[in-house]
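The sequence and the structure are shown first.

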Amino acid sequence: MYYGLSFRDGMPWCVYFGQYRQSRHWEHSGTKRPFHLLVYVTGGTAVFRFADKTYEVGEGDWILVPGGTFYSADTKDFCEYYYFHFNAKLTAIGECLPEAKSAWGGGFPGSEENGPIPPAEDATGCVLTEYMNYPAHEAVMLPLCAQLHQRLFKKQSEAEYEYQLTFCQVLLELSKQLRSSEVAQTETLVNTIVTYVQEHITEPVTLNGLSEHFRYSKTFILKLFRQSFHTTVTEYINNEKLDCAVRLLRTSIMNINEISDYLGFSDPAYFSRLFKKRFGICPSRYK
């Protein structure tokens, strides 16, 4: 599940922060807290269980447990981690990472009389999920945690706000890393699916079949294709088959019915209608 953090109704506020090392055979039997919990593993391994899911975490991994969620944890060896209990407007926004949206860069419209009008609330500006990995955590996250430690014990009036701003930077760094890693994974998945379609171009490939083969929901795969190709899965598959049909019409001695059957179309008339719609000419006249 992905969660959006709103900074509009108030800055996320870290209530408790600290570092701990759990020894071998540690077990947390389970609890739930009113605050959101963020755990940053810096050494060893552990297992967290909540929301009917199990997460095995190690160095550089982050776990987010939304407030009011029952969770348990244990480690067979040891686990060293930072923990953050924080308040924030956390909104569940679905199983798919939303597209980034921003009104940044042009100023706010308005008038001299009424002042600037801020853009509408958007919960997708800063996004987190229950399990995250930050590969370059030693270069980025450890220094931020060191700054948090330093600001905890400062006596200046501004220190508390500096501390909270640093915590917000932690959240934003996680969001940026999540988006970049998800984009890379999405591109890899799309390329894998496209390769599968091309390798099975002579078979009746369908959205249902892709969903079963790759074990992703039909909604998720459909969203991938709309974002990547601005078309539906069915339209993409048919277009690939029709491009192949053009090559066969040019180079083979197969007739229209044979090409239709070879490409996995159950009805030659349907194949002809699709061909004419795509290329503006019937396949028999094209040949």
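Lys53 is partly exposed in this predicted model, with a relative accessibility of 33%. Its side chain forms a salt bridge with that of Glu130, at an N to O distance of 3.5 Å. Because Lys53 belongs to strand 6 (residues 53-57) and Glu130 to the loop between strand 13 (126-129) and strand 14 (131-133), the pair ties together parts of the chain 77 residues apart in sequence. Glu130, for its part, is buried, and its relative accessible area is 5%.

A second salt bridge joins the side chains of Asp74 and Arg49, with 2.6 Å from N to O. This pair, too, links distant parts of the chain: Arg49 is in strand 5 (residues 46-50) and Asp74 in strand 8 (residues 71-75), 25 residues apart. Asp74 has a relative accessibility of 16% and is therefore classed as buried, the cut-off being under 20%. Arg49 is partly exposed, its relative accessible area being 35%.

The side chains of Glu173 and Lys176 also meet in a salt bridge, at 3.4 Å from N to O. Both residues lie in helix 2 (residues 159-199); because they are three residues apart there, about one helical turn separates them. Glu173 counts as buried at 15% relative accessibility, whereas Lys176 counts as exposed at 52%. Why can such side chains meet in pairs? Side chains of opposite charge can pair when their charged atoms come close.

| Salt bridge | N to O distance |
|---|---|
| Asp74 and Arg49 | 2.6 Å |
| Lys53 and Glu130 | 3.5 Å |
| Glu173 and Lys176 | 3.4 Å |

The count for the model comes to seven salt bridges, among them the pair Lys53 and Glu130.

The chain as a whole provides the context for these pairs. Its secondary structure consists of eight helices and 14 strands. Of its 287 residues, 41% count as buried. What share of the contacts with a separation of 6 or more is accounted for by residues 24 or more positions apart? Such residues account for 74% of these contacts.

Definitions and conventions. Residues numbered from 1 in each chain as written. Predicted model: local features only at pLDDT ≥ 70, side-chain atom pairs only at ≥ 80, totals over all residues. Heavy atoms only, no water. Helix = DSSP H or I, 4+ residues; strand = E, 2+ residues; numbered from the N terminus. Buried < 20%, exposed > 50% of the residue type's maximum accessible area, 1.4 Å probe, protein only. Contact = heavy atoms within 4.5 Å. Salt bridge = Lys/Arg side-chain N within 4 Å of Asp/Glu carboxyl O.
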